[in-house]
Amino acid sequence: METLVIALGGNALLKRGEVLSAENQYQAIASIACTLGELAQKYRVVIVHGNGPQVGLLALQNLAYDEVPAYPLDILVAQSQGMIGYMLTQELGHHHPQQPVTTILTRVSVDGDDPAYSNPTKYIGPVYDVAQKTELEVKLGWTIKADGQYYRRVVPSPEPKAILEIDAIKHLLDEHHIVICNGGGGVPVVQQGIGYQGSEAVIDKDLSSALLAEELESDHLIILTDADAVYQNWGTPQQSVIRKATVAEVAPMAIDDGSMGPKLMAVSRFVQRSGKPAYIGALKQIEAILAGDAGTKIVP
């Protein structure tokens, strides 16, 4: 049976601008749980999810009770893995009660000297207007950057180097579990001596998914987002959908632009290193994407 790594974007758990409530997240997950469970009949399924809105909310809640020092981001990433993994497991269980599902608290090693620590780029938390942006920058010392027409907090996003729980993930896949892992890109840790130290960062979920797919020798990597495909000349009268392309053909678009570029960087990296295909497309079209009828397929 082939292995399929699925990277769920933030839209899988919450629509942009929607209240980050448990009920709203359950409703979003319920809309895809049936399809995800059905895929497990055809593939060994691994699910990676984003956590930007959730970890940002945890950070805000953290600050609300000032009698206890705020927890660092690595612990908040671990909390978000448990929370989101639990909700995914609950909904998958409702639709496919016979299918084993396991969430693994996953640590991902990073380099403590990664230049990302001096240039925060990873968006987390809710959106703000200009007045809120200025207030939070002064009050909390956060770095806040434009995200579309709004503003969001940004934190360091170092490159993922290795998935520490990879052997456990492989074992569960061999037992035909749907495995939920690398949540939010994984808990960032830096090697210190014979152990690891948590790091104040959030790893990019798509790059982490590409590394995971590579280490699992996965047959497919699919990144699901709110765009139905990759487009040439996006946002212009000349825009056109790209159904299939090589790594070389999309290379000019695979840049760190905060939009589709990082996703193209991630899938290109996996395709180059593995020789296997990768896909980008809309969440609810996953089966059509894998069949080549929707989304964008990237090949060597």
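# Close-up views of a predicted model

**View 1. Asn182 in its loop.** Asn182 is buried, with a relative accessible area of 0%. The structure shown in this and the following views is a predicted model. Asn182 belongs to the loop that runs between β9 (178–180) and β10 (187–192). When residues up to four places away in sequence are left out, Asn182 touches Val48, His49, Gln81, Thr106, Val108, Ile163, Ile169, Ser208 and Leu212.

**View 2. Ile47 in strand β2.** Ile47 is placed in strand β2, which covers residues 43–49. With a relative accessibility of 0%, Ile47 counts as buried. Its contacts, not counting residues up to four places away in sequence, are Ile6, Leu8, Leu36, Leu88, Leu92, Ile178, Val179, Ile180 and Cys181.

**View 3. Helix α3 along its length.** Helix α3 is formed by residues 73–95.

**View 4. The crossing of α1 and α3.** The axes of helix α1 (residues 22–39) and α3 come within 8 Å and cross at roughly 50 degrees. The two helices are therefore oblique to each other. The crossing in which α1 passes α3 is right-handed. On the α1 side, the contact is made by Ala22, Gln25, Tyr26, Ile29, Ala30, Ala33, Cys34, Leu36 and Gly37, and on the α3 side by Tyr86, Met87, Leu88, Gln90, Glu91, Leu92 and His95. By class, these residues comprise eleven nonpolar, four polar and one charged.

**View 5. The packing of α6 against α8.** Helix α6 (residues 205–215) and helix α8 (residues 261–274) have axes that come within 8 Å and cross at roughly 10 degrees. That angle makes α6 roughly parallel to α8. The crossing is right-handed as α6 passes α8. From α6, the contact involves Lys205, Asp206, Leu207, Ala210, Ala213 and Glu214, and from α8, Lys263, Ala266, Arg269, Phe270 and Arg273. The residues of this contact divide into five nonpolar, no polar and six charged.

**View 6. Two loop residues with positive phi.** Glu217 lies in the loop between α6 and β12 (220–225). Phi of Glu217 is near 55 degrees, a positive value in a residue other than glycine. Glu217 counts as exposed, at 64% relative accessibility. Asn233 is found in the loop between β13 (230–232) and β14 (240–242). For Asn233, a residue other than glycine, phi is likewise positive and near 55 degrees. At 41% relative accessibility, Asn233 counts as partly exposed.

Methods. Residues numbered from 1 in each chain as written. Predicted model: local features only at pLDDT ≥ 70, side-chain atom pairs only at ≥ 80, totals over all residues. Heavy atoms only, no water. Axes fitted to C-alpha atoms, helices over the stretch in contact; angles between N-to-C directions. Helix = DSSP H or I, 4+ residues; strand = E, 2+ residues; numbered from the N terminus. Parallel < 35°, antiparallel > 145°, perpendicular 65-115°, else oblique. Left-handed = near helix turned anticlockwise from the far one by under 90°. Contact = heavy atoms within 4.5 Å. Nonpolar A, V, L, I, M, F, W, Y, C, P; charged D, E, K, R; others polar. Expected span 1.5 Å × (residues − 1). Buried < 20%, exposed > 50% of the residue type's maximum accessible area, 1.4 Å probe, protein only.
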